[in-house]
Amino acid sequence: MVSDRIVKMLNDQIVLEGDSSQVYLAMAVWAQANGWRGTASFMYAQAEEERSHMFKLIHFLVELGATPVVPAIEAPKASYKDIEEVFAVALAHEKKVTASIHKIISESRQTNDYPVITFLQWFVNEQVEEESNVNAVLDLISKAGKVSLFLADKEIGALRSAK
Ligand code: FEO
């Protein structure tokens with residue numbers, strides 16, 4: 001049985017993944033309402049993916065014989081200045097998620113919770129990919145300038161739906 005401290009940390013991670021899903025869903029809705037269709041499709045897909053991360057953690061805790069929490073839904077930030085702010089906020093959010101995953105792994109090493117370390121390896125790789133995706137988008141936006149921002153938005157949509 002995994003230590004109580006690690007169960008608590010995994011439950012906090014469930015809350016964080018659920019929150020990620022809500023944050024990205026709100027970004028998708030804002031983007032759609034403001035005519036940024038590519039960004040909307042990127043963020044709708046991202047919202048689904050974060051929800052699946054939450055489910056992975058829930059199923060894992062059940063397999064361990066622990067009780068997962070089902071997080072309360074908090075209202076996420078609903079409006080943004082532009083799509084650059086959307087992705088800057090997304091990158092900061094992903095960095096927070098990455099740091100949290102790494103912290104659970106560090107703690108699990110100290111308590112010899114090996115199944116948790118193995119399970120979270122998938123999340124470590126996933127976070128590398130997600131941060132890389134968002135960095136790629138921010139790079140595109142910074143190169144685009146105002147005139148071609150519309151084209152950049154289309155590229156953003158293609159980036160996410162190609163995977
Ligand atoms: Fe599942 Fe991107 O955190």
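Student: How do you know that the reach of α2 from its first C-alpha to its last is close to what is expected at 1.5 Å a residue?

Tutor: In this predicted model, α2 has 27 residues and reaches 39 Å from its first C-alpha to its last, which is set against an expected 39 Å. The expected span is 1.5 Å times one less than the number of residues, and the two values for α2 are therefore close. Helix α1, with 30 residues, reaches 44 Å and is likewise close to its expected 44 Å.

Student: What follows α1, and what follows α2?

Tutor: After α1 comes Gly35, with a positive phi near 85 degrees, and after α2 comes Gly65, whose phi is also positive and near 85 degrees.

Student: Why is α1 called roughly antiparallel to α2?

Tutor: The axes of α1, residues 4-33, and α2, residues 37-63, cross at roughly 165 degrees and come within 8 Å of each other. Angles over 145 degrees count as roughly antiparallel, so α1 is described as roughly antiparallel to α2. The crossing of this pair is left-handed, and the contact of α1 with α2 comprises, by class, 18 nonpolar, nine polar and three charged residues.

Student: What makes α2 and α3 roughly parallel to each other?

Tutor: Here the axes of α2 and α3, the latter spanning residues 83-110, cross at roughly 20 degrees and come within 12 Å. Since angles under 35 degrees count as roughly parallel, α2 and α3 are therefore put in that class. The crossing in which α2 passes α3 is left-handed.

Student: Which helix gives the most to the lining of the largest pocket?

Tutor: That helix is α1, with five residues, while α1 and α2 each supply at least two residues of the lining. The pocket itself has a volume of about 250 Å³, and its lining includes Val15, Gly18, Asp19, Arg51, Met54 and Pro71.

Student: How many residues of the lining of the largest pocket are nonpolar, polar and charged?

Tutor: The lining has six nonpolar, three polar and three charged residues. Asp, Glu, Lys and Arg count as charged, so Asp19, Arg51 and Glu74, which are among the lining residues, belong to the charged class.

Notes:
Residues numbered from 1 in each chain as written. Predicted model: local features only at pLDDT ≥ 70, side-chain atom pairs only at ≥ 80, totals over all residues. Heavy atoms only, no water. Axes fitted to C-alpha atoms, helices over the stretch in contact; angles between N-to-C directions. Helix = DSSP H or I, 4+ residues; strand = E, 2+ residues; numbered from the N terminus. Parallel < 35°, antiparallel > 145°, perpendicular 65-115°, else oblique. Left-handed = near helix turned anticlockwise from the far one by under 90°. 1 Å grid on protein atoms, 1.4 Å probe; cavity = no way out; pocket = protein on both sides within 12 Å on 5 of 7 lines; lining within 4 Å. Points joined across faces, edges and corners; volume = space filled by probe spheres on them.
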